[in-house]
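Welcome! Take a moment to turn the model around on your screen before you read on. The notes below then walk through some of its features.

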Number of protein chains: 2
Amino acid sequence: MKTVFSPKHAGHAGNLELLAGEMLPAFEMPSRAEFIRGRIETVGLGPILAPEPFDLASAGKVHDAGYLNFLPTVWDRWAAEGRGGTALPFAWPTRGLRGDVPPQAVEALHGYYSFDGGAGFVAGTWEAIKSSHDTALTAAALVNGGERAVFALCRPPGHHAGSSFMGGYCYVNNAAVAAQWLRDQGAGRVSILDIDYHHGNGTQQIFYRRGDVQVLNLHADPMVEYPFFLGHADERGEGEGEGFNHNYPMPFGTAWERWSEALEDACARLAAFTPDVVVVSLGVDTFEKDPISKFRLVTEDFPKIGRRIAALGLPTLIVMEGGYAVEEIGVNAVGVLTGFEDA
Amino acid sequence: MKTVFSPKHAGHAGNLELLAGEMLPAFEMPSRAEFIRGRIETVGLGPILAPEPFDLASAGKVHDAGYLNFLPTVWDRWAAEGRGGTALPFAWPTRGLRGDVPPQAVEALHGYYSFDGGAGFVAGTWEAIKSSHDTALTAAALVNGGERAVFALCRPPGHHAGSSFMGGYCYVNNAAVAAQWLRDQGAGRVSILDIDYHHGNGTQQIFYRRGDVQVLNLHADPMVEYPFFLGHADERGEGEGEGFNHNYPMPFGTAWERWSEALEDACARLAAFTPDVVVVSLGVDTFEKDPISKFRLVTEDFPKIGRRIAALGLPTLIVMEGGYAVEEIGVNAVGVLTGFEDA
Ligand SMILES: [Zn+2]
Ligand SMILES: [Zn+2]
């Protein structure tokens, strides 16, 4: 299996995040991607390719123009005010407040386009976002060109980014942009299977009213787990999207037996949708030792995930999302890939 | 002029706030109230009375039940999870996310009921909130009993608290609850004149669809100043509230000449509404040396504000809101009160 990877992710480093009343070094750090890259080399998964540059045309179909235009400017505008550290917002347009008037101040606009304090910027963040976007699309192009499956080793991740909001370490929704790009190349239907521990709230929100992109999400119950405000079982899509969104919220402590039942059900729904291509949002924060998560998958479970997805028999783009037990992230993420290859 | 004041505010101390990418000691600190209390004694404004306890019946008419029930529980639930420091949320239900399903985790519910990271809890916070609420209602009862004007030295402040959101150092909207209580006692119409530097977004949101409570707000332009997402000039009220909300957003650097023109216009609108009673949300963060604000009112301006409000010739409840240049806050806040008395 080919991997696409850009070293430019490393410029997105040293940023803080807001977590439970404290500013902490973000759990989403450069070593995550490097552990995975190293493991790919160790097991000899296949070639690691650099991304080609892509324009933002497909991104502009899943993200608002104002939002996309803001992202490249955040750090420079923040620094122009004499600020350092991590650019972060401190107020958000929640219910009862206006969502139709973008304010002008950079920290206000950052809040206007966010839902948390987990999408900070440092000097290299935009270049990393763009390289992650290019990584996903380069991998999508390889799948479109006939590859059975390709791994987009994206960093930063994307599945918490919605049409006009960032958050949860995510800025551009790489999986959503790739799905859109594949549609733009002629795929009639695309399924996104999100197996990250956290609900892919951005991906759901982007496609909630569309019938051409099916979204299936396996995740911790948002009543008790971040991102909290989306991901319930009764969210089935609206309008043309009605029936094309499926959530599988699961309780803390979920291990392979229950989790794999949800995967089985999701795969059955996916197959029934008869997509032309599958985009997998791969998070391995379902791992029992993940520092911020509470599921109990073990290292031996991850190859089984890959085998099950391979059994769908469809062209498959695997996009990296979360996973924070940095020492094991390489083994577990690449375990999914080798499991796919072994199928 | 009588003042109502509770020493219980002092239990709300040592809390941090999220501000521009950092967690900092909250600018809203106990010394604010003590400087004002001391100045009242120095100038011999009048007696300082302790608040009587009031139930939350009127509060329950301006705040959602789920929100009001949550406030007394925040610190205990936070501490029960083994956490210390300041209880604060880290994700918010912005547009595209659900506002109809309160999550269960305390930090999630805190975000569900907030719009920023500026309404933290420590052990004494709820008792301070309740004493601030009681302070406003005790002062309102004195006005209702025939006093010309009474000062409610509230801390924490209230005008950023909406029907189901806290933020900006505010939890229960003391001015809104007092206006509601005065309505409940038989006042036909109440005007709230908010002269804090920041837009009283909570007060506006609470009364936006009501015609019995007029809301007038003088403040820094929300395009560039906190709280950012409400307070524009085109917000005039909706439904039965149409025409009863008036915003006066003003640019950074606004000094007395321009500010007093807005006050004059607001007073004319207020008089035309012919309210039975006026509630003033008094912030003195319009002061030129305020550490977080950018207007240029000087100490000599504050008595002029009091004189102008007194000239309305209406029963007046003055509720303390913001003001953060702690050494001068006493002189400026009490300057408004002595100006009122001198009129
Ligand atoms: Zn995750
Ligand atoms: Zn203020």
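How many helices and strands make up the secondary structure of chain A? Chain A has 11 helices and 10 strands; here helices (H or I, at least four residues) and strands (E, at least two) are DSSP runs, numbered from the N terminus. This is a predicted model, in which local features need pLDDT of at least 70 and side-chain atom pairs count only at pLDDT 80 or more, while totals for chains, interfaces and linings use all residues. Residues are numbered from 1 along each chain as its sequence is written, chains are lettered from A and ligands numbered from 1 in the order in which they are written, and side-chain values use heavy atoms, with hydrogens and water left out.

**Chain A as a whole**

- Chain A has a radius of gyration of 18 Å, close to the 20 Å that the globule rule gives for 343 residues, so it is as compact as a globular protein of that length. The radius is taken over C-alpha atoms, and the rule is 2.2 Å times the number of residues to the power 0.38.
- Along the principal axes, the C-alpha atoms of chain A fill a box of roughly 55 × 45 × 40 Å.
- Of the 343 residues in chain A, 63% are buried. Buried means under 20% relative accessible area, exposed over 50%, and partly exposed in between (1.4 Å probe, protein chains only).
- Look at contacts (heavy atoms within 4.5 Å): among those in chain A between residues at least 6 apart in sequence, 77% join residues at least 24 apart.

**The sheet of chain A**

- Strands of a sheet pair through backbone hydrogen bonds, either parallel or antiparallel.
- Chain A has an open sheet of 8 strands with parallel pairing, in the order β4-β1-β5-β10-β9-β6-β7-β8. Two strands pair if DSSP finds at least two bridges between them.
- The edge strands of this sheet are β4 (48-49) and β8 (245-250) of chain A, and each pairs on one side only.
- Strands β6 (residues 190-194) and β7 (residues 213-220) of chain A run parallel and are joined by 5 bridges. A:Val190 has A:Val213 in β7(A) as its bridge partner.

**A helix in chain B**

- In helix α7 (residues 174-184) of chain B, 9 of the 11 residues are buried, so the helix is largely enclosed by the rest of the structure. Among them are B:Val177, B:Trp181 and B:Leu182.

**Two residues of chain B to find**

- Is B:Phe228 buried or exposed? B:Phe228 is buried, with a relative accessible area of 1%, and its place is in the loop between β7 (213-220) and β8 (245-250) of chain B.
- Leaving aside neighbours within four places in sequence, the residues in contact with B:Phe228 include A:Phe90, A:Pro103 and A:Glu107, as well as B:Pro222.
- B:Pro25, in strand β3 (residues 22-25) of chain B, counts as exposed at 55% relative accessibility.
- Not counting residues up to four places away in sequence, B:Pro25 touches B:Asn15, B:Leu16 and B:Glu17.

**The hairpin around B:Pro25**

- Strand β2 (residues 16-19) of chain B pairs with β3(B) in the antiparallel sense over 4 bridges, and B:Glu17 stands opposite B:Leu24.
- This hairpin has 2 residues between its strands, and B:Ala20 takes a positive phi near 50°.
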